[in-house]
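Here's a quick tour for anyone meeting this structure for the first time. Take a look at it, then read on.

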Amino acid sequence: MSRSFRDNLAQLLKARLPILYVESYEESRVIAEVTAVARDGTSVRTPRAVWTWSLTEGLVQPDGVVRRGTTDPADALDAVLRLDEPSVVILRDLHPVLGGDGRPGDPRIIRRLRDVAAAFKSGTVPRTLVLVSPVLRIPVELDRDVTIVDFPLPSEAEIRMVLDGLIAANIASGRIQIRLDDVQRERFAKAALGLTLHEAENAFARAIVNDGILDVHDLRVVHEEKRQAVRKSGLLEVVEAGAGLADIGGLENLKRWLAKREGAWLAAAAEYGLPAPRGVLITGVPGCGKSLTAKAVAATWELPLLRFDIGRVFSGLVGSSEQNLRTAIRIAEATAPCVLWVDEIEKGLAPDSGGDSGTASRVFGTFLTWMQEKTRPVFVIATANDIGRLPPELLRKGRFDEIFFVDLPTQVERRSIWRVHLARRLRNPAVAGGLVLDDDLLAELSALTEGYSGAEIEQAVIAGLFEAFSARRPLDRDDLVRAVATMVPLSVTQAEQIDAVRAWASTRAVAATAAEDWDLGGRPTIGRPGPDGFPPGPHGGRLVEY
Ligand SMILES: Nc1ncnc2c1ncn2[C@@H]1O[C@H](COP(=O)(O)OP(=O)(O)OP(=O)(O)O)[C@@H](O)[C@H]1O
Ligand SMILES: [Mg+2]
């Protein structure tokens with residue numbers, strides 16, 4: 001268990017806050033943790049008696065003492081009011097009577113909770129009520145009396161204990177072969193980060209039973225369980241990291257900046273005095289590699305990649321927005337170190353028309369606050385297309401470590417992009433035939449594709465391949481040249497919009513393209529120097545060299 005929950009809880013108990021609310025599916029873990037803290041005299045000064053309550057059991061103590069006639073929550077709270085020794089009472093699943101989702105709560109219970117809060121605050125004996133439930137429901141009447149306590153998902157050490165326990169039990173039974181060394185066990189535990197303890201145990205059990213052998217191949221079972229569990233959160237998705245940064249053509253300045261942040265969350269970096277990186281915002285022209293970069297960072301750094309679909313907050317398909325966001329954040333923090341990719345962050349802002357803009361700004365605000373204050377190594381990569389909609393508070397200094405602008409690729413960059421997309425395919429002799437990927441060919445293709453995005457260059461390669469394949473022959477230069485000629489790039493059909501985003505970026509964002517890759521001359525220089533005096537690039541984005 002992370003120290004932080006225990007420390008936090010001990011503080012709250014000592015501070016005599018009357019009612020705490022822990023939102024978690026992991027009732028038994030919560031009870032175990034709360035019990036451990038409550039009974040530990042060194043952390044809470046006065047050790048407390050621990051009671052738990054549920055609709056089926058009423059009030060009970062861990063050693064079996066039962067308070068009869070308390071299964072009704074009103075009776076239970078009356079009994080709680082009469083407690084006169086230092087105590088912590090954990091109420092399980094009280095949420096159905098607390099209202100919410102348009103339904104009123106039970107006034108008998110809410111009134112009694114207020115009475116308990118008042119009595120606990122003014123009493124001399126330290127007593128605390130802890131509500132544990134998978135959903136957060138706080139009636140307005142109790143707003144000031146209830147303190148929400150965050151309960152993190154299990155740590156790697158806790159998951160590892162479950163794994164080792166399962167392995168030991170199975171070795172003892174002799175029915176299962178275990179072929180995992182210590183490093184591989186660590187990989188199993190890491191793969192299950194973000195799951196509840198129960199989910200992790202299920203995942204491991206499934207990996208063990210599928211063929212009677214537990215080896216490194218079973219990791220995919222755990223990955224699959226994780227993928228499903230994460231999807232249940234409604235807003236998050238585990239993404240397979242694809243190609244690495246080396247497979248991105250151009251954007252060298254952005255890549256250098258990223259490369260300098262690799263490993264910035266290691267203990268060594270903190271000892272060196274580095275703050276953990278917050279993340280980066282990448283804006284720019286469509287199809288030029290924003291999403292690609294987010295995926296490539298995770299691949300290059302070998303970190304799990306979680307895609308955060310912030311737009312779904314408003315889809316109405318998933319439950320309460322705030323709860324979903326908290327769940328998503330909890331999973332990301334448990335999975336840390338990881339990359340959290342917020343694609344098209346502007347979709348998390350209030351919808352233009354209709355929608356609940358109050359909820360929207362609250363949820364977005366919660367997200368921004370978390371980004372600012374997070375202590376776990378979650379590297380946020382946000383991408384944005386519709387920059388006009390980005391609120392100033394998102395762009396404020398300190399929110400992101402840097403804001404990059406990805407423009408249409410320059411001549412030099414287009415050469416790299418062509419190389420990336422052709423090299424892989426030409427490795428197949430049936431495709432390559434006599435075509436050689438030399439500087440002349442790259443220079444020619446690059447010159448032909450002025451104003452084309454990376455996505456359009458890739459499309460041209462694919463169109464050329466179709467041409468060649470339909471004639472059952474290798475690819476040749478003319479296929480590519482023709483494919484390029486038949487396309488009308490976005491930069492022609494949307495010239496005005498692109499100029500507008502460049503103008504916007506010229507003062508607000510740093511050019512992702514490295515200075516040495518700019519096409520000097522030939523292109524109009526747009527934008528004026530920013531207020532801090534950085535010269536504008538020949539495209540959108542200020543010149544800041546990393
Ligand atoms: N710089 C690049 N190097 C190599 N391939 C690129 C580059 N830019 C784009 N591509 C190709 O185009 C595809 C689409 O790019 P990507 O999804 O990153 O664009 P985007 O900037 O996120 O666009 P959108 O604004 O439409 O989301 C990539 O999967 C990749 O194959
Ligand atoms: Mg994208």
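Let's start with helix 2, whose buried residues are Arg29, Val30, Ile31, Glu33, Val34, Thr35, Val37 and Ala38. Buried here means under 20% relative accessible area, exposed means over 50%, and partly exposed is in between, with a 1.4 Å probe and protein chains only. This is a predicted model, where local features need pLDDT of at least 70, side-chain atom pairs count only at pLDDT 80 or more, and totals for chains, interfaces and linings use all residues. Residues are numbered from 1 along each chain as its sequence is written, chains are lettered from A and ligands numbered from 1 in the order in which they are written, and side-chain values use heavy atoms, with hydrogens and water left out.

**Helices and domains**

- Helix 2 covers residues 27-39, so to speak 13 residues, and reaches 18 Å from its first C-alpha to its last, close to the 18 Å expected at 1.5 Å a residue.
- That expected span is 1.5 Å times one less than the number of residues.
- Helices (H or I, at least four residues) and strands (E, at least two) are DSSP runs, numbered from the N terminus.
- The chain splits into domain 1 (3-149), domain 2 (156-232), domain 3 (245-406) and domain 4 (411-450 + 454-488), with bounds that come from an automatic or database domain assignment.
- Between the C-alpha centres of domain 1 and domain 4 there are 66 Å.

**Around Ala191**

- Ala191 belongs to helix 7 (residues 182-191) and is buried at 9% relative accessible area.
- Setting aside neighbours within four places in sequence, Ala191 touches Leu219, Val222, His223 and Lys226; contact means heavy atoms within 4.5 Å.
- Val222 is 31 residues from Ala191 in sequence, yet their C-alpha atoms are 6.5 Å apart.

**Aromatic rings**

- Rings of Phe, Tyr and Trp (its six-membered ring) pair if their centres lie within 6.5 Å; planes under 30 degrees apart count as stacked, over 60 as edge-to-face and the rest as tilted.
- The count by this rule is eight aromatic pairs.
- One of them is Phe5 with Phe151, edge-to-face at 4.7 Å centre to centre and 90° between the planes.
- This pair links distant parts of the chain, with Phe5 in helix 1 (residues 3-14) and Phe151 in the loop between strand 7 (146-149) and helix 6 (156-173), 146 residues apart.
- Phe5 is buried at 1% relative accessibility, and Phe151 is buried at 1% too.
- Phe367 and Trp370 have ring centres 5.8 Å apart and planes at 35°, so they make a tilted pair.
- Trp257, Phe404 and Tyr546 form one aromatic cluster.

**Charges over rings**

- A charge sits over a ring if NZ of Lys or CZ of Arg is within 6 Å of the ring centre and within 35 degrees of the ring normal.
- The charged end of Arg307 sits over the ring of Trp341, 5.7 Å from its centre.
- Lys374 lies over the face of Trp370, at 6.0 Å from the ring centre.

**Backbone notes**

- Most residues other than glycine have a negative phi, and most peptide bonds are trans.
- Ala336 and Pro337 are joined by a cis peptide bond, with omega about 0°.
- Glu302 isn't a glycine, but its phi is positive, near 55°.
- Glu302 is exposed, at 71% relative accessible area.
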